[in-house]
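Let's take a guided walk through a protein chain, one part at a time. Keep the structure in view and find each part as it comes up.

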Amino acid sequence: MGARSILTLRPTAHGRGARAKALMRPMGAVAVRIPHRVSTELGHVFPSSSPRLFVHEGARQALERRLARALPWPVSLSVSDNRHGVITHEWDRGVLIVRAHHMFLDAPPSIVSALVSYIAVNDRDASSRLGHFIEANSGRLAPRSRTTPLVTAGFHHDILSIFNDLNDRYFGGSVTALITWGRETKKRTEKRKAIRLGSYSASERLIRIHPCLDRNWVPRYFVTAVVYHEMLHHVFPHRAGSERRALHPAEFREREREYRFFERALRWEKAHLSRLLRA
Ligand SMILES: [Zn+2]
């Protein structure tokens, strides 16, 4: 199938710009900013934001030491109350910068081990255990500051039930992304040239599905394929600054084919492209 994507039938310059912008959006407030020996030496600048949460420095250091012992790299840990990046990590000049939600400061040892495996080797099992832990502690996440409500029940398709089925079947319930129908745009005067059926915003941890799919002639297995693709974007986060083709690395494409109606969905898409463009 080559580089064919269910996400974008025909990538446009506009689409690329929109995605790049989404990736550059800051990840949200970091709760505390704690100077750290390694980071001070390297002159790190952490995102400046007003602290909203007091975090026990001893607990932070203990978790940082635990990570540093288990990982072969220098580690700098900052603690956040950011609901969208419950765990993030990135490299900065040889130091692994880990941001973790404060729920991990008093997590049981098994969860800390899972955190280590997840960061070290992106272990699937560990990721699933962390997902359950985060879900169980979701009451500790800062309240959502969304301005537009999430809409999952369509006229013909309930994308939350599709999402939940996929999460159970293919991800062991570990996907913590949110999902919504995108908003219907104004009446068009011209026929669309391309359409983006789904998108994933890492900063909002939100999957959006194009409302043109909420039609009685669009089969559920096709909507499911689009949702599944976007869930994989949550599982394989795109690293800012990497090339566009890295959006769908080989591992991503392999996982995409695991969807039982993958080929059927591609055939349906091909056969109904022009109808979707008019929808
Ligand atoms: Zn994609």
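Helices and strands here are DSSP runs numbered from the N terminus, with helices (H or I) of at least four residues and strands (E) of at least two. Before going on, please note that this is a predicted model, in which local features need pLDDT of at least 70, side-chain atom pairs count only at pLDDT 80 or more, and totals for chains, interfaces and linings use all residues. Residues are numbered from 1 along each chain as its sequence is written.

How is such a pair described? Two packed helices are described by the angle between their axes and the distance between the axes. The axes of α6 and α7 come within 10 Å and cross at roughly 60°, where axes are lines fitted to C-alpha atoms, for helices over the stretch in contact, and angles run from 0 to 180 degrees between N-to-C directions. That angle makes α6 oblique to α7 (under 35 degrees counts as roughly parallel, over 145 as roughly antiparallel, 65 to 115 as roughly perpendicular and the rest as oblique). On the α6 side, I159, I162, F163, L166, Y170 and F171 meet V223, T224, V227, Y228 and M231 of α7; two residues are in contact if their C-beta atoms, placed from the backbone, lie within 7 Å.

In soluble globular proteins, nonpolar side chains tend to be buried together. The largest nonpolar core here has 24 residues, and those touching the most other members are I159, I207, I209, V223, V226, V227 and M231. At least two residues of this core come from each of α6 (159-171), β4 (178-181), β6 (206-209) and α7 (220-235). With eight residues, α7 gives the largest share. There is also a second, separate core of 18 residues, with I97, A100, I119 and A126 among them.

A nonpolar core is a set of buried Ala, Val, Leu, Ile, Met, Phe, Trp, Tyr and Cys residues joined through C-beta atoms within 7 Å. A residue is buried if 20 or more other C-beta atoms lie within 10 Å of its own, exposed if 12 or fewer, and partly exposed in between, with C-beta atoms placed from the backbone. Of the 279 residues of the protein chain, 28% count as buried.

## Strands around β6

Which way do β4 and β6 pair, parallel or antiparallel? They pair in the parallel sense over four bridges (strands pair if DSSP finds at least two bridges between them). Across this pairing, W181 stands opposite I209 in β6.

Strand β5 (residues 198-201) runs antiparallel to β6, and four bridges join them. Y200 has I207 of β6 as its bridge partner. β5 and β6 form a hairpin with four residues between them, and R205 in the turn has a positive phi of about 55°.

## An open sheet of three strands

Now look for another group of strands: an open sheet with mixed pairing and the order β1-β3-β2. Because β1 (75-80) and β2 (87-92) stand at the edges, each with a single partner strand, one side of each is left without a neighbour in the sheet. From one strand to the next, the twist averages 20°.

Six bridges link β2 with β3 (residues 95-101) in the antiparallel sense, and H89 has V98 in β3 as its bridge partner. Helix α3 (residues 57-70) lies across β1 and β3, running at about 140° to β1.

Helices α4 (residues 109-121) and α5 (residues 124-136) pack at an angle of about 130°, with their axes 8 Å apart. This makes α4 oblique to α5, and their crossing is left-handed.

Most residues other than glycine have a negative phi, and most peptide bonds are trans. N122, in the loop between α4 and α5, has a positive phi near 55°. R93, in the loop between β2 and β3, has a positive phi of about 45°. R93 counts as exposed because it has 11 C-beta neighbours inside 10 Å, while N122, with 13, counts as partly exposed.

Definitions and conventions:
A crossing is left-handed if the near helix is turned anticlockwise from the far one by less than a right angle, and right-handed if clockwise.
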